[in-house]
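Please look over the sequence and the model shown here before reading the notes that follow. They are grouped by topic and written for someone meeting this structure for the first time.

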Number of protein chains: 2
Amino acid sequence: MTTTPTRTERRSDALTRRRIIDTAIALLDEGGTEALTFRTLSAALSTGAGALYHHVANKGELLAAAAMAKLTAVLAAAGDGGEAAGGIRALTTALFDAITAHPWLGSQLVAAPWQPAVLQLFDAIGSKLTALGVPERSQFDAASALVHHILGVASQYDAGRRLAGTTSRPVFLDFASTPLVEEGGEAPAYPFLARVVRELVEHDDRAQFQAGIDIILAGIDVLTRTDRAAVQKGE
Amino acid sequence: MTTTPTRTERRSDALTRRRIIDTAIALLDEGGTEALTFRTLSAALSTGAGALYHHVANKGELLAAAAMAKLTAVLAAAGDGGEAAGGIRALTTALFDAITAHPWLGSQLVAAPWQPAVLQLFDAIGSKLTALGVPERSQFDAASALVHHILGVASQYDAGRRLAGTTSRPVFLDFASTPLVEEGGEAPAYPFLARVVRELVEHDDRAQFQAGIDIILAGIDVLTRTDRAAVQKGE
DNA sequence: ACCTGAACACCGTTCAAGT
DNA sequence: ACCTGAACACCGTTCAAGT
């Protein structure tokens, strides 16, 4: 109960980089990207806007740090999940759920894909591919394909959330596809969209995400078999 | 030579939606996203900033219209490319090249994935999948996976370009991966990254993009065969 | 060394006033 | 109906002045 305060952190409300990032995450989780401002953040911390610059370089670095903290927590919570293909599915699904619950995370990963958070994600996926037996020369392409799929879905989801403010998604899709389909009079200008528009509206985001992962995993499996066959033939 | 001017467009410099969008595209192509402002745009058009709002609703709509115009041009220039898997490769590669040459296009597609431009892209890819013989129930997932991969790569590329302003990419990657790898003392914290970091730095973006497309196409092929076998068995 | 908060240099957008 | 351009309500960031 009587914890001895350290020299650097006497009071629990001392302004520190960790506390800034945690508060930023809280604001982002509650109100999305637009809720985080150096003004709202400094107000939440009961300090001046300029004070924050003593602990973070700028807003980009702050967002990257927030994303890194969040991603680390998500990956840790997801656990190991095993080393087979199921482990990759568990990891990617956990990430999808995190992005769904915290859309700002997805948009941040997409906005700056070279940030540490994305590198960590890349590494987590790549390690599992190695354990899965994917040949060395294909691991990089395979990991990239999986990460790109996650980033692509992440961008979709964040935009969908932004849209939700103005109109519900099914309504919007109806609006978006109808003029395209009927344009031109006779033959539909966008035949494929016209045919699958019902699926577009009614589909389950999560199931579709996993279907995409499965397609990529199947492709990776083909790559692995091809490579093994080539090795056996002596090349 | 003596073209009769229409009633609505007497002078060639009349302020019109088409001219606004074309000028916006020119600014974006020259200086990237940050070069397009209602102030720079109105200056380039020799008009007031407020005048633009008589022809476009807001900046989001302007960017969506610019992306749509650019994408339509790209898809038209790419031609049909045939209906087989090679047609999809031709189409996606043309898109990659367009995003490489005009990074603002990629970031705009990523920022608002429900915009007409993305729907058009989705349709173009979906139509080719139909012709390729992908079973009806899998077309949506397959098209989504391909579009997501394109969007994922698009986000990577735009961010890479933004980085290029401060430091070259190889240097940045060295900076980004080194502390991660050496952290912790003995065992590398990011074993996969440490192993493939050379590939990360030296890889060819275009080849990697195509490798990703090939992985997805291989996965789609597996899906197609599985479905055909199921149909033959009677289900 | 850290914090304050007014000030600066931008944005997108609006709107009374003109034509 | 269209255009003008000053004004408004925001941003991220800086910096002299305090403690």
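With which residue does B:Arg195 form a salt bridge, and how far apart are the closest N and O atoms? The partner of B:Arg195 is A:Glu136, and the closest N and O atoms of this salt bridge are 3.0 Å apart; a salt bridge here is a side-chain nitrogen of Lys or Arg within 4 Å of a carboxyl oxygen of Asp or Glu.

This is a predicted model, in which local features need pLDDT of at least 70 and side-chain atom pairs count only at pLDDT 80 or more, while totals for chains, interfaces and linings use all residues. Residues are numbered from 1 along each chain as its sequence is written, chains are lettered from A and ligands numbered from 1 in the order in which they are written, and side-chain values use heavy atoms, with hydrogens and water left out.

**The interface of chain B and chain A**

- In chain B, 58 residues are in contact with 58 residues of chain A, where contact means heavy atoms within 4.5 Å.
- About 5,000 Å² is buried between chain B and chain A, and carbon and sulfur atoms give 70% of that area; buried area is the accessible area (1.4 Å probe) that two parts lose on being put together, summed over both.
- B:Trp114, B:Phe140 and B:Phe192 supply 18% of the area that chain B buries against chain A, which is more than any other three residues.
- Between chain B and chain A there are 2 salt bridges, one of them being the pair of B:Arg195 and A:Glu136.
- Across this interface, 12 residue pairs are in polar contact, both residues being at pLDDT 80 or more; a polar contact is a pair of N or O atoms within 3.5 Å, and within protein one must be able to donate a hydrogen and the other to accept it, with residues adjacent in sequence counting only if both atoms are side-chain atoms.
- Among the helices of chain B that each supply at least two residues of the side touching chain A are helix 5 (103–111), helix 7 (136–164) and helix 10 (205–232), helices being DSSP runs (H or I, at least four residues) numbered from the N terminus.
- Helix 7 of chain B gives the most to that side, with 20 residues.
- By class, the side of chain B that touches chain A has 34 nonpolar, 16 polar and 8 charged residues, where Ala, Val, Leu, Ile, Met, Phe, Trp, Tyr, Cys and Pro count as nonpolar, Asp, Glu, Lys and Arg as charged, and the others, Gly among them, as polar.

**How the two copies are related**

- The same surface serves both copies, since 100% of the contact residues of chain B recur in chain A.

**DNA strand D**

- Of the 16 residues around DNA strand D, those that come nearest are A:Arg39, A:Lys59, B:Thr47, B:His54 and B:His55; a residue is near a strand if one of its heavy atoms lies within 4 Å of it.

**DNA strand C**

- Of the 17 residues around DNA strand C, A:Thr47, A:His54, A:His55, B:Arg39 and B:Lys59 come nearest.
- A polar side-chain atom of B:Arg39 lies 2.8 Å from a base oxygen of DNA strand C.
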